[in-house]
Amino acid sequence: MEKGTRMAPRKVIISCAVTGGIHTPTMSPYLPITPEQIAESGVAAAEAGASILHLHARDPENGRPTASPDAYMRFLPEINERSDAIINITTGGGLGMSLDERLAAARVAQPEMCSLNMGSINFGLYPMKARYSEWKHSWEPEFLDSTRDLVFKNTFTDIENIVTELGGKYGTKFEFECYDVGHLYNLAHFVDRGVIKGPVFIQTIFGIHGGMGAEIDNLLHMHRTAERLFGAEHEWSVIAAGRNQLPFGITAASLGGSVRVGLEDNLFISRGKLAESNAQQVLKLRRILEDLSLEVATPDEARTRLGLKGSGNVAF
């Protein structure tokens, strides 16, 4: 590089987690529930600047997370037709689902990308129950309370089987979700063995009860550890739950990373004000990034960096 020149910062890949399997219908009237709502919300988020749409499905009658491939296939084709976004299907599903249930939709859809949790953790949603006294559906408080005694299981065998099946059979790549520093070492173990090949897309996650706390020192430690373990063979992105979503995301982007927003991770757009859509969160993030002279990656730019197979090579 010539003296006096500087490398341009990498464009920020914005992911949007449209509905998730954590929040319940009582918590926000804007949470997408039906296939039509999920499709509309996903397309709008893509138009706002999200390159990747991270998708779960819900029972349209009561909003409960569902693993049914039929439910997914009621919105995946529409999103794929109406946007160029990378469609990323969860393999985490909903808490309490079996591994076969969690993989059912991905096996049918054969998407460009799936999420993959890199270790077993306690995943406590039960503190949210105390915030509400009335519920739209009877399943909601029971669902939240059940997480007092729940381990979100992702063993070494589970991880290897998912990579071998979805990656080997269908060419699917992964959003590796890391809730603690040990999860980065789990990922490095599979990379060192050649089970997982780079570039790896790492989502470091903060603020989930049972995972790493939302403290900037933790973010910096995860960033340094990922740099040491994976070097140039990784893309680093950040998720932070609730009010930490934007501060952590902007910090990550300032360090050269990417960001995930969306109603799966945070129901609010500002203090005490519910977000009315996923697109609203994406637009706010994009405005801040551009005010900081950072550029947002297009879906095709993200595909190239992540080595994805392309939206024409999926089964929906």
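I'm counting a contact as heavy atoms within 4.5 Å. The model is a predicted one.

Leu 53 is in contact with Cys 16, Val 18, Gly 42, Ala 45, Ala 46, Ile 79, Ala 85, Ile 86, Ile 87 and Asn 88. Then I checked the largest nonpolar core, which has 68 residues; Leu 53 is among those touching the most other members, along with Ile 14, Leu 55, Phe 75, Leu 76 and Leu 289. Helix H1 (residues 35-48) gives this core its largest share, 6 residues. I also found a second, separate core of 22 residues, with Leu 125, Met 128, Ile 205 and Leu 263 among them.

**Aromatics**

My search of the whole structure turned up 8 aromatic pairs. One of them is Phe 123 with Phe 152, edge-to-face at 5.9 Å centre to centre and 85 degrees between the planes. Phe 123 sits in the loop between strand S7 and helix H5 and Phe 152 in strand S8, so this pair ties together parts 29 residues apart in sequence. I have both Phe 123 and Phe 152 down as buried.

Next I took Trp 139 and Phe 143, both in helix H5 and 4 residues apart, about one turn of the helix. Both are buried.

**Helix H9**

How many of the 10 residues of H9 are buried? I get 7, so I'd call the helix mostly covered. The cover over its buried residues includes strands S10, S11 and S12 and helices H8 and H10. Just after H9, I noted a positive phi of about 95 degrees at Gly 256.

How values were computed
Residues are numbered from 1 along each chain as its sequence is written. This is a predicted model: local features need pLDDT of at least 70, side-chain atom pairs count only at pLDDT 80 or more; totals for chains, interfaces and linings use all residues. Side-chain values use heavy atoms; hydrogens and water are left out. Buried means under 20% relative accessible area, exposed over 50%, partly exposed in between (1.4 Å probe, protein chains only). Helices (H or I, at least four residues) and strands (E, at least two) are DSSP runs, numbered from the N terminus. A nonpolar core is a set of buried Ala, Val, Leu, Ile, Met, Phe, Trp, Tyr and Cys residues joined through side-chain atoms within 4.5 Å. Rings of Phe, Tyr and Trp (its six-membered ring) pair if their centres lie within 6.5 Å; planes under 30 degrees apart count as stacked, over 60 as edge-to-face and the rest as tilted. Lists of a residue's contacts leave out its neighbours within four places in sequence.
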